[in-house]
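I opened the notebook to record what I looked up in this structure, element by element. The entries follow the order in which I went through them.

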Amino acid sequence: MSDPLAAPASVPKPSEAYTTYSDDAALGKDAPSIETLEFVKDEPIKIGEGKPTVIVFFAKFAKGDYTTVQGISDIAAKFGDLAQFLGISVDPAKEDAESFIKKIGTSMPEIYIDNLTIPYPLAWDNGKTVKEAFRKLSGLMAMGASATFIVDGDGVIVWREQFGQGYGPAKGQIGEQLRRLLTKEDLLDNGPKPKSEDDDEEEEEEAMEGGDDDYDSDLGF
């Protein structure tokens, strides 16, 4: 069996749409509490108590995102007990999260899964409390299935990466980031997010309109 901590010959370089930049709002922040989660598979875990934790959000209704769950399972199989893993269901009902478990061990050729394996705990997010906490600290307008995070042993978010149908963890940098975290190497740094023409135009408009001038209204801005 190969050494999971050995440096790979090459590291995936995601397209701009899937790249996590060094100025990502989630990086360096304390991970939200997961105390409100209701575990539906395996024993509850705690984050920030020594071991890194990889978190993946999923939903029974988001079948196209099962490939992300399986991709994280492949990473879990590679690193074993060196890290802990957690799947968080954002389904509206606990019954949906519980019925998702029945899919473990099944083949889904239409999405290229030979045998769905999930060797880590799964929990239902009642009221989507945990999901919303992660979304807000990430500065995202929306966040759902296939959102993934790495939380270090001190409970700090060191990586966030979004996957989706056709773009699974094997194509991303999450596996290499976990390896580097475990070996205490510097994590991959994709630099700050490039400015777009739209960003420049918005800055020019703000400057012309007075920028940061305070303005009171019933709407709060």
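**Strand β2 and its neighbours**

I began with β2 and found that four bridges join β2 to β5, the two strands running antiparallel; I count two strands as paired if DSSP finds at least two bridges between them. I am working on a predicted model, in which local features need pLDDT of at least 70 and side-chain atom pairs count only at pLDDT 80 or more, while totals for chains, interfaces and linings use all residues. Residues are numbered from 1 along each chain as its sequence is written, and side-chain values use heavy atoms, with hydrogens and water left out.

I then looked up β3, which runs parallel to β2 and is joined to it by six bridges. Threonine 53 has bridge partners in both neighbours: glutamine 84 in β3 and valine 151 in β5.

Next I checked burial, where buried means under 20% relative accessible area, exposed means over 50% and partly exposed lies in between, with a 1.4 Å probe and protein chains only. Six of the six residues of β2 are buried, so the strand is largely enclosed by the rest of the structure. In a regular strand the side chains alternate between the two faces of the sheet. In β2, Thr53, Ile55 and Phe57 point one way and Val54, Val56 and Phe58 the other way, and all of them are buried.

**Helix α1**

I noted that β2, α1 and β3 make a right-handed β-α-β unit, right-handed meaning that, with the strands pointing away from the viewer, the path from the first strand over the helix to the second runs clockwise.

How far apart should the ends of α1 be? The expected span of a helix is 1.5 Å times one less than its number of residues. For the 14 residues of α1 (residues 66-79) this gives 20 Å, and the end C-alpha atoms are 20 Å apart, which agrees. The helix is followed by glycine 80, whose phi is positive, near 55°.

I found α1 mostly covered, with 10 of its 14 residues buried; among them are Tyr66, Val69, Ile72, Ile75 and Phe79. The cover over these buried residues includes β2 (53-58), β3 (84-89), α2 (94-100), β5 (147-151) and α4 (174-182).

Leaving aside residues up to four places away in sequence, threonine 68 touches Val56, Ser146, Thr148, Phe163, Gly164 and Pro169, a contact meaning heavy atoms within 4.5 Å.

**The β5-β6 hairpin**

I followed β5 onward to β6, with which it pairs in the antiparallel sense over five bridges. Phenylalanine 149 has arginine 160 of β6 as its bridge partner. Five residues lie between the strands of this hairpin, and glycine 155 takes a positive phi near 90° there. Strand β6 (residues 157-162) is mostly covered, five of its six residues being buried.

I also looked up alanine 17, which is found in the segment before β1 (38-41) and counts as exposed at 69% relative accessibility.

Tyrosine 112, in the loop between α2 and β4 (122-124), has a positive phi of about 65° and is exposed, with a relative accessible area of 76%. Lysine 128, in the loop between β4 and α3 (129-137), has a positive phi near 55° and counts as partly exposed at 32% relative accessibility.

**The whole chain**

The protein chain has five helices and six strands, which follow the pattern β-β-α-β-α-β-α-β-β-α-α along the sequence. Of its 221 residues, 45% count as buried. Among contacts between residues at least 6 apart in sequence, 76% join residues at least 24 apart. The chain exposes about 12,100 Å², of which carbon and sulfur atoms supply 49%; accessible areas come from the Shrake-Rupley method with a 1.4 Å probe, and for residues only the protein chains shown count as cover.
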